[in-house]
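Have the model open as you read along.

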Protein chains: 2
Amino acid sequence: MALRVPAIPFTFVAHTLGIAALVLVLVWNIHFRGGFAWEATNKNLIFNLHPLLMLLGLIILGGEAIISYKSLPLKKQVKKLIHLVLHALALALGIIGIYAAFKNHNESGIANLYSLHSWIGIGVIVLYGIQWIYGFLIFFYPGGSPTLRSECMPWHVVFGLLVYVLAVANASLGFLEKLTFLESSGVAKFGSEAFLVNFTALVTILFGVFVVISVLSEAPAPIEDDHSYSSI
Amino acid sequence: MALRVPAIPFTFVAHTLGIAALVLVLVWNIHFRGGFAWEATNKNLIFNLHPLLMLLGLIILGGEAIISYKSLPLKKQVKKLIHLVLHALALALGIIGIYAAFKNHNESGIANLYSLHSWIGIGVIVLYGIQWIYGFLIFFYPGGSPTLRSECMPWHVVFGLLVYVLAVANASLGFLEKLTFLESSGVAKFGSEAFLVNFTALVTILFGVFVVISVLSEAPAPIEDDHSYSSI
């Protein structure tokens, strides 16, 4: 199914979309939602950390981690280290971001874990953690035999992309859920904030699309090609 | 990236999940939401056609159309005909389902096209239509040259899966949006209807996951293997 086109141009589009999504989520939460805080009497400022950290973590750093292993013009061992460190950062920000949502709910008396977004979110963070640990053990330290690695690689890629696509879909659920709450509290359905949030979601989805397309395209020639799995 | 396991077992899981999702959406709309109608004073009965037709059309028939070309033990020309007819049915039900949502909104005085779900929905139905026409012209009638077909096939698969995944993600957005409205109108957040809708969404997502995994797995040996693209 691999697309017979180079991955690199798609990765540049992805970087641009990632920066755009980050700027949009910052504008939303700072300009329209009052900014961020870890401790505050206005509990909404605690919640605002949730979309920022999830987008920056699981979506943007997670996407860049996927892109990095595919497309960086570096030796395989270096790419692998970048890949696992970026995914670890993504996971850490994701966990803090989820904690921020619980903290906001608990301090505001809002129920936890009733929505589809929250259910899928817990599923995604658990699967993301399992995928990271499994990848670390098989491909980094202590590392499986060449046969085991070769057997596991397609599953690592497919399972990783599945979790990533679920994360992007769940980000969309989060944007829609939050905006629906805001609209039921008086935010205009066709106002500038509504358009901003919907466009942030669309840019986030497009970022995910370009990350996946880059994986399905042709990697640059590897620097070191023994046991290279960079072309999938 | 192809998984070195047979696709057939995954397709049986998908069929089962598709039937389960259909039963769940029927139970939801008949038992909890009062059933279906095209003309009614209770405009909610018109809306109820929307989740049913979208799920049966774009998601289930669309998924079965994808599976059919990959896995049915039939000649390529027969599989192609089944593939395009199922996708045509999916598209037709999708269009009627979207019309039902507009009809409900217009007759109830609800604004159209302000939500992320509606924006992505319009995008998906347009892309689905473009994909169908492009597939028909290149692969069925009049049909491109063997070189053109071979060049187009990976894009047909990737673009088709992209549109399909967007459709499944948008179904999740729809379930979440509708349930959020219902909960703001008094439906219990941890009540049986809320659990039913969330589980319907999860089963729908799992159906989509198994459709995609079956495409990434190994097709059965083709009946007729000249110009066969069944193994991707």
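## A helix and an interface

Helix α6 of chain A covers residues 146-184, 39 residues in total, and spans 56 Å from first to last C-alpha, close to the expected 57 Å at 1.5 Å a residue. Helices here are DSSP runs (H or I, at least four residues) numbered from the N terminus, and the expected span is 1.5 Å times one less than the number of residues.

This is a predicted model: local features need pLDDT of at least 70, side-chain atom pairs count only at pLDDT 80 or more, and totals for chains, interfaces and linings use all residues. Residues are numbered from 1 along each chain as written, chains are lettered from A and ligands numbered from 1 in the order written, and side-chain values use heavy atoms, without hydrogens and water.

Back to α6(A): the helix bends by about 35° at A:Cys152, with the proline A:Pro154 following within four residues. The bend is the angle between axes fitted to the seven residues ending at a residue and the seven starting there. Just after α6(A), A:Gly186 has a positive phi of about 115°.

Now to the interface, where 44 residues of chain B contact 44 residues of chain A (heavy atoms within 4.5 Å).

The side of chain B that touches chain A divides by class as follows:

| Class | Residues of chain B |
|---|---|
| Nonpolar (Ala, Val, Leu, Ile, Met, Phe, Trp, Tyr, Cys, Pro) | 32 residues |
| Polar (the others, Gly among them) | 7 residues |

Methods
Helices (H or I, at least four residues) and strands (E, at least two) are DSSP runs, numbered from the N terminus.
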